[in-house]
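Try each task by yourself before you read the solution below it.

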Amino acid sequence: MSKFNFLLGALLLFTLTLANAQTASTATINGTPYVDEKYVEGVIYYGDKSLTVPIRYNAYQDLIEYTQNGKAAVLDPTLTIKRVKFGTSIYITQEYKANGKTKVGYFQQLDSGKLILLAKQKIIYLPAKKGGNLDGSDQLAQFKRNPDTYYFKVDPGAVQEVENIKSMIETLS
């Protein structure tokens with residue numbers, strides 16, 4: 001009987017947690033996970049093909065979102081994507097190291113040529129805090145834009161983070 005009570009309690013806890021997670025809506029969250037919320041006409045280049053669709057970049061999840069035939073879709077960062085161009089921005093996918101792990105992500109291409117300069121845009125989620133404001137009122141959850149992290153790549157080398165100008169120059173010498 002105690003196993004049954006334990007499982008019932010675990011199920012109830014999971015249900016309450018899931019219900020609380022689903023009650024958070026964009027109305028109770030300040031900010032946005034997008035660099036720009038509006039979809040902008042753009043082109044996705046993959047393999048030897050291209051697709052022209054409305055696009056936006058979700059910097060919180062590091063995803064390109066697009067609409068096709070009135071339906072929203074997500075483009076995970078993979079190395080088969082050559083580049084994504086929309087508005088005045090070009091995003092490319094690259095392998096990079098973060099927290100000791102190798103990942104593939106979208107980078108905004110700032111300059112091209114033999115030396116490629118890239119920016120990794122980052123938006124973080126800050127959960128709501130009870131009494132978190134200075135006046136004691138509750139602080140709403142928010143998406144917050146963090147400063148960009150800059151990287152460079154000497155073609156065909158690996159992407160390297162720009163820690164400071166001196167170390168970057170030493171790497172290029």
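The exercises below go from the overall fold to single side chains.

A few ground rules come before the start. This is a predicted model, so local features need pLDDT of at least 70 and side-chain atom pairs count only at pLDDT 80 or more, while totals for chains, interfaces and linings use all residues. Residues are numbered from 1 along each chain as its sequence is written, and side-chain values use heavy atoms, with hydrogens and water left out.

**Exercise 1. Describe the fold and its surface.**

Step 1: list the secondary structure, taking helices (H or I, at least four residues) and strands (E, at least two) as DSSP runs numbered from the N terminus. In sequence order the pattern reads α-β-β-β-β-β-β-β-β-β-β-β-α.

Step 2: sort residues by relative accessible area, where buried means under 20%, exposed over 50%, and partly exposed in between (1.4 Å probe, protein chains only). Of the 173 residues in the protein, 27% are buried.

Step 3: compute the accessible surface with the Shrake-Rupley method and a 1.4 Å probe; for residues, only the protein chains shown count as cover. The protein comes to about 11,800 Å², and carbon and sulfur atoms hold 56% of that.

Step 4: look at contacts (heavy atoms within 4.5 Å). Among those between residues at least 6 apart in sequence, 42% join residues at least 24 apart.

**Exercise 2. Find the nonpolar cores.**

Step 1: set the rule. A nonpolar core is a set of buried Ala, Val, Leu, Ile, Met, Phe, Trp, Tyr and Cys residues joined through side-chain atoms within 4.5 Å. In soluble globular proteins, nonpolar side chains tend to be buried together.

Step 2: take the largest core. This core has 17 residues, and I55, I64, L75, V84 and Y106 have the most contacts inside it. Two or more residues each come from β3 (49-58), β4 (63-68), β6 (81-86) and β10.

Step 3: check for another core. A second, separate one has eight residues, including A98, F107, Y151 and V159.

Step 4: zoom in on L75. Beyond its neighbours within four places in sequence, L75 is in contact with I44, L63, I64, Y66, I81, V84 and Y106.

**Exercise 3. Identify the salt bridges and say where their partners lie.**

Step 1: apply the cut-off, a side-chain nitrogen of Lys or Arg within 4 Å of a carboxyl oxygen of Asp or Glu. The count comes to three salt bridges.

Step 2: begin with R56 and E65, whose closest N and O atoms are 3.1 Å apart. R56 is buried at 14% relative accessibility, and E65 is buried at 9%.

Step 3: go on to K120 and D62, whose side chains meet at 2.8 Å, N to O. K120 lies in strand β9 (residues 115-126) and D62 in the loop between β3 and β4, so the pair ties together parts that are 58 residues apart in sequence. K120 is buried at 9%, and D62 is buried at 12%.

Step 4: finish with R145 and D148, with closest N and O atoms 2.9 Å apart. Here R145 is partly exposed at 41%, and D148 is partly exposed at 23%.
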